[in-house]
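This report is for a reader meeting the structure for the first time. Please look over the sequence and the model before reading on.

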Amino acid sequence: MRKKIVAGNWKMNTSIAEGTLLAKQISFLTKELEANVEVIIAPPFTHLAGISSLLKQEASKVSLSAQNCADQLSGAYTGEVSVKMLEDIGCKYVIIGHSERREYYGETNAILLKKIELALSAGLSPIYCVGEKLNEREENRHFEVVAEQIKEVLYMLKGFDMNRVVVAYEPVWAIGTGKTATSDQAEEMHAYIRRVIGNKFPTLADEISILYGGSCKPSNAVELFGKENVDGGLIGGASLSAQDFIAIIKSF
Ligand code: PGA
């Protein structure tokens, strides 16, 4: 059985007080939910220590994720945060390859492969983001682009417990734009991603959770999550409201 997952990517938003309150609300509201969905929040680095102890104190069902990690293990890398530090602080997940990292910080597939290897070695579960830009979809190259993002990164992983990898399909044109992929577009790509993964890792294809991201909100989550190959969502904007985030989780 594939794991159902809803992950909130807070990006560079909230003060520590606001973030702590949001985490408290989400933790409280998830108590009454059935246990079949893994709920993850990914606050900014500065919030992780405080929110980690809060979640521990409350024996919360919510798991903690970072939004990024360094592509080196330790040493003279000013400003970076290592996978060991994230594991140490209580993270279970780390988002890797978000389109904002690829686009604004020049992260290539080669860099992302290093990050995923490090994350897996440290016992973290990477949430690996893939997705095409608007022009690539318009030129009908979306399958090719996504296949390349998978082949140059996931295909290169050797000897790791691949069961810990989560994939998030996030069409770049749908992120923060209010434009959502239709549930059919999402399903078509998710089924394709599963096939591409299956070509290299046959036993993994059915096991791996593939999340949809890009303007996912309470009003469209039911339809998206109703699709066979959509195992949950990576939620940006709507994850900053505890009510909306919980409504999305309840959409399963
Ligand atoms: P959005 O962001 O839900 O605000 O579109 C999704 C993401 O970037 O992960």
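## Glu-136 and its surroundings

Which residues does Glu-136 touch, not counting residues up to four places away in sequence? Within this predicted model, Glu-136 touches Arg-141, His-142 and Val-145 when those close sequence neighbours are set aside. Glu-136 has its place in helix 6, which covers residues 134–138, and the side chain of Glu-136 reaches the backbone nitrogen of Lys-133 at a distance of 2.7 Å.

Glu-136 counts as buried because its relative accessible area is 14%, and the cut-off for being buried is under 20%. Glu-136 and Gly-90 are 46 residues apart in sequence, and the distance in space between their C-alpha atoms is 38 Å.

## The ligand site

The ligand is surrounded by 13 residues, and the closest of them are Lys-11, His-98, Glu-170, Gly-176 and Ser-215. Sorted by class, this shell holds 4 nonpolar, 7 polar and 2 charged residues.

In the case of Gly-176 the atom concerned is a backbone N or O, which lies 2.6 Å from an oxygen atom of the ligand. Taken alone, the ligand exposes 280 Å², and the protein buries 95% of that area.

## Helices 5 and 7

Helix 5 runs over residues 109–121 and has 13 residues, and from its first C-alpha to its last it reaches 18 Å, close to the 18 Å expected at 1.5 Å a residue. The buried residues in helix 5 include Leu-112, Leu-113, Ile-116 and Leu-120, and Asn-109 and Lys-115 are also among them. The buried residues of this helix pack against helix 3 (83–89), strand 4 (93–96), helix 4 (99–104), strand 5 (125–130) and helix 7 (142–151). Helix 5 is followed by Gly-123, whose phi is positive, near 85 degrees.

In helix 7 the buried residues are His-142, Val-145, Val-146, Ala-147, Gln-149 and Ile-150. The partners against which the buried residues of helix 7 pack include helix 5, helix 6, strand 6 (166–169) and helix 8 (183–200).

## Two loop residues with positive phi

Most residues other than glycine have a negative phi. Thr-14, although it is not a glycine, has a positive phi of about 80 degrees, and its place is in the loop between strand 1 (4–9) and helix 1 (16–30). Asn-140 also has a positive phi without being glycine, with a value near 60 degrees, and Asn-140 lies in the loop between helix 6 and helix 7.

Are these residues exposed or partly exposed? Thr-14 is partly exposed, with a relative accessible area of 26%, whereas Asn-140 counts as exposed at 59% relative accessibility.

## Arg-194 in helix 8

Arg-194 lies in helix 8 and is buried, with a relative accessible area of 6%. The side chain of Arg-194 reaches the backbone oxygen of Ile-208 at 2.8 Å, and a polar contact of 2.5 Å joins the side chains of Arg-194 and Asn-229. Leaving aside neighbours within four places in sequence, Arg-194 is in contact with Arg-2, Ala-205, Asp-206, Ile-208, Ile-210, Asn-229 and Asp-231.

How values were computed:
Residues are numbered from 1 along each chain as its sequence is written. This is a predicted model: local features need pLDDT of at least 70, side-chain atom pairs count only at pLDDT 80 or more; totals for chains, interfaces and linings use all residues. Side-chain values use heavy atoms; hydrogens and water are left out. A residue is near a molecule or strand if one of its heavy atoms lies within 4 Å of it. A polar contact is a pair of N or O atoms within 3.5 Å; within protein, one must be able to donate a hydrogen and the other to accept it, and residues adjacent in sequence count only if both atoms are side-chain atoms. Accessible areas come from the Shrake-Rupley method with a 1.4 Å probe; for residues, only the protein chains shown count as cover. Ala, Val, Leu, Ile, Met, Phe, Trp, Tyr, Cys and Pro count as nonpolar, Asp, Glu, Lys and Arg as charged, and the others, Gly among them, as polar. Helices (H or I, at least four residues) and strands (E, at least two) are DSSP runs, numbered from the N terminus. Buried means under 20% relative accessible area, exposed over 50%, partly exposed in between (1.4 Å probe, protein chains only). Contact means heavy atoms within 4.5 Å. The expected span of a helix is 1.5 Å times one less than its number of residues.
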